[in-house]
Amino acid sequence: MLSWIWVLIVGAIIGLIAGFITGRGGSMGFIANLIAGLVGSTLGQAIFGSWGPQMAGMAIVPSILGAVILVLVVSFVLGMLRKTE
């Protein structure tokens, strides 16, 4: 049980870091940071592998890179959708 809480905390921190790196962290809430961190971690480790320091089973550097990519892609898609309205 405690390991799941640790995964959620680390995922939220990864999402928060990705939001700050991309400059889109102000518009994201806690849940969005958490989802971006967890999904971005999975994406980053699938693309870049599991190298570097790890916390809660997540490789930190690939996870942050994956979360940054995810935030940028989602921001781009949402921006395109807003322009068509």
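**Figure 1. Packing around the buried residues of helix H3.** Helix H1 (2-22), H2, strand S1 (54-55) and strand S2 (58-59) pack against the buried residues of H3. The model shown here and in the other views is predicted. The buried residues of H3 are Ile60, Pro62, Ser63, Ile64, Gly66, Ala67, Val68 and Val71. An α-helix has 3.6 residues a turn, so residues three or four places apart point the same way. With 25 residues at 1.5 Å a residue, H3 should span 36 Å, and its end C-alpha atoms lie 36 Å apart, which agrees.

**Figure 2. The crossing of helices H2 and H3.** The view shows H2 (residues 30-48) against H3 (residues 60-84), packed at an angle of about 115° with their axes 6 Å apart. H2 is therefore roughly perpendicular to H3. Their crossing is right-handed. On the H2 side, the contact is formed by Ala36, Val39, Gly40, Ser41, Leu43, Gly44, Gln45 and Phe48. These meet Pro62, Ser63, Leu65, Gly66, Ala67, Ile69, Leu70 and Val71 of H3. By class, the residues of this contact comprise 10 nonpolar, six polar and no charged.

**Figure 3. Serine 41 and its surroundings.** Serine 41 belongs to helix H2. Its relative accessible area is 3%, which is under 20%, so serine 41 counts as buried. Apart from neighbours within four places in sequence, the residues in contact with serine 41 are Ala36, Met58 and Ser63. Valine 61, also shown, is found in helix H3. Valine 61 is partly exposed, at a relative accessible area of 33%.

**Figure 4. The contact of helices H1 and H2.** H1 and H2 pack with their axes 6 Å apart, at an angle of about 95°. The two helices are therefore roughly perpendicular to each other. Val7, Leu8, Gly11, Ala12, Ile14, Gly15 and Leu16 are the H1 residues of the contact. They meet Phe30, Asn33, Leu34, Ala36, Gly37 and Leu38 in H2. The contact of H1 with H2 contains nine nonpolar, four polar and no charged residues.

Figure 5. In H1 the buried residues are Val7, Val10, Gly11, Ala12, Ile14, Gly15, Ala18, Gly19 and Thr22. Their cover includes H2, S1, S2 and H3. H1 consists of 21 residues and reaches 30 Å from its first C-alpha to its last, close to the 30 Å expected at 1.5 Å a residue.

Figure 6. Asn33, Leu34, Ala36, Gly37, Gly40, Ser41, Gly44 and Gln45 are buried in H2. Among the elements that cover them are H1, S2 and H3. Ala36 takes part in the contact with H1 and also in the contact with H3. At 1.5 Å a residue, 19 residues should span 27 Å, and the end C-alpha atoms of H2 are 26 Å apart, which agrees. Glycine 49 follows H2 and has a positive phi, near 90°.

**Figure 7. The loop between strands S1 and S2.** Alanine 56 is located in the loop between S1 and S2. Most residues other than glycine have a negative phi. Alanine 56 is not a glycine, yet its phi is positive, about 55°. Its relative accessibility of 25% makes alanine 56 partly exposed. Glycine 57 is found in this loop as well. Its relative accessibility is 59%, which is over 50%, so glycine 57 counts as exposed. From C-alpha to C-alpha, glycine 57 and valine 10 are 9.6 Å apart in space, while in sequence they are 47 residues apart. Valine 10 is one of the buried residues of H1.

Key: Residues numbered from 1 in each chain as written. Predicted model: local features only at pLDDT ≥ 70, side-chain atom pairs only at ≥ 80, totals over all residues. Heavy atoms only, no water. Axes fitted to C-alpha atoms, helices over the stretch in contact; angles between N-to-C directions. Helix = DSSP H or I, 4+ residues; strand = E, 2+ residues; numbered from the N terminus. Parallel < 35°, antiparallel > 145°, perpendicular 65-115°, else oblique. Left-handed = near helix turned anticlockwise from the far one by under 90°. Contact = heavy atoms within 4.5 Å. Nonpolar A, V, L, I, M, F, W, Y, C, P; charged D, E, K, R; others polar. Expected span 1.5 Å × (residues − 1). Buried < 20%, exposed > 50% of the residue type's maximum accessible area, 1.4 Å probe, protein only.
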